[in-house]
Amino acid sequence: SRIENLTKVYGSRIAVSETTVLELKDHRKFHFRFLDRVRVKGKTKPVAIYEIFDGDEAAVQELKHRTLEDYSTGVKTYFARDWDHAREAITKVLKINPQDKAAQLYELRLASASQPAA
């Protein structure tokens, strides 16, 4: 239920923990992408969460498939603190799918990450 509450933040219909993804017997049956690492109540370490986007409308699924590589690159380079490459990849995602709420969230984070410390 803690992860379910995060679906609003990331604009996903189905969000699951990394543990759930790892327990899937056949990963090819589902289409998913990494969303974030979050701290949930009752846990000391951040939990990796994923979006399973098979439940989205067909048009949204298509957009997420088309942008999956750039999205994954953007998130990976974001966590590597490679702001320029992350911004470039996330911008590509948003040009194709401007309604991608998870990509919008990373765009906002990147805007603050690139600000010099005062």
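In the predicted model, the largest nonpolar core comprises 27 residues. Within this core, the residues with the most contacts are Y10, L35, I49, Y71 and Y106. At least two core residues are supplied by each of strand 1 (15-17), strand 2 (32-38) and strand 3 (47-52), and likewise by each of helix 3 (58-79), helix 4 (83-96) and helix 5 (101-113). In soluble globular proteins, nonpolar side chains tend to be buried together.

T7 counts as buried because its relative accessibility is 14%, below the 20% limit. Residues up to four places away in sequence not being counted, T7 touches S12, R13, I14 and A15.

A search of the whole structure for salt bridges returned 7. Side chains of opposite charge can pair when their charged atoms come close. One of these salt bridges is formed by E51 and R33, whose closest N and O atoms are 2.7 Å apart. This pair links distant parts of the chain, with E51 in strand 3 and R33 in strand 2, 18 residues apart. E51 has a relative accessible area of 0% and is therefore buried; R33, at 3% relative accessibility, also counts as buried.

R33 forms a further salt bridge with D100, with an N to O distance of 2.8 Å. Here the two partners are 67 residues apart and again join distant parts of the chain, R33 belonging to strand 2 and D100 to the loop between helix 4 and helix 5. Both R33 and D100 are buried.

E51 likewise has another partner, K64, and the closest N and O atoms of that salt bridge are 2.5 Å apart. K64 is located in helix 3 and E51 in strand 3, so that distant parts of the chain, 13 residues apart, are linked. K64 counts as buried because its relative accessibility is 4%, under the 20% limit. Through shared partners, salt bridges join R33, E51, D56, K64 and D100 into one network.

The largest pocket was also characterised. Rolling a probe the size of a water molecule over the atoms shows where empty space is left. The largest pocket holds about 200 Å³ of space. Its lining consists of 16 residues, of which G11, D56, V60, K64 and Q99 are the closest to the pocket centre. Helix 3 and helix 5 are the elements that give two or more residues to this lining, and helix 3 gives the most, with 3 residues. By class, the lining has 8 charged, 4 polar and 4 nonpolar residues.

Methods:
Residues numbered from 1 in each chain as written. Predicted model: local features only at pLDDT ≥ 70, side-chain atom pairs only at ≥ 80, totals over all residues. Heavy atoms only, no water. Core = buried A, V, L, I, M, F, W, Y, C linked by side-chain atoms within 4.5 Å. Buried < 20%, exposed > 50% of the residue type's maximum accessible area, 1.4 Å probe, protein only. Helix = DSSP H or I, 4+ residues; strand = E, 2+ residues; numbered from the N terminus. 1 Å grid on protein atoms, 1.4 Å probe; cavity = no way out; pocket = protein on both sides within 12 Å on 5 of 7 lines; lining within 4 Å. Points joined across faces, edges and corners; volume = space filled by probe spheres on them. Nonpolar A, V, L, I, M, F, W, Y, C, P; charged D, E, K, R; others polar. Salt bridge = Lys/Arg side-chain N within 4 Å of Asp/Glu carboxyl O. Contact = heavy atoms within 4.5 Å.
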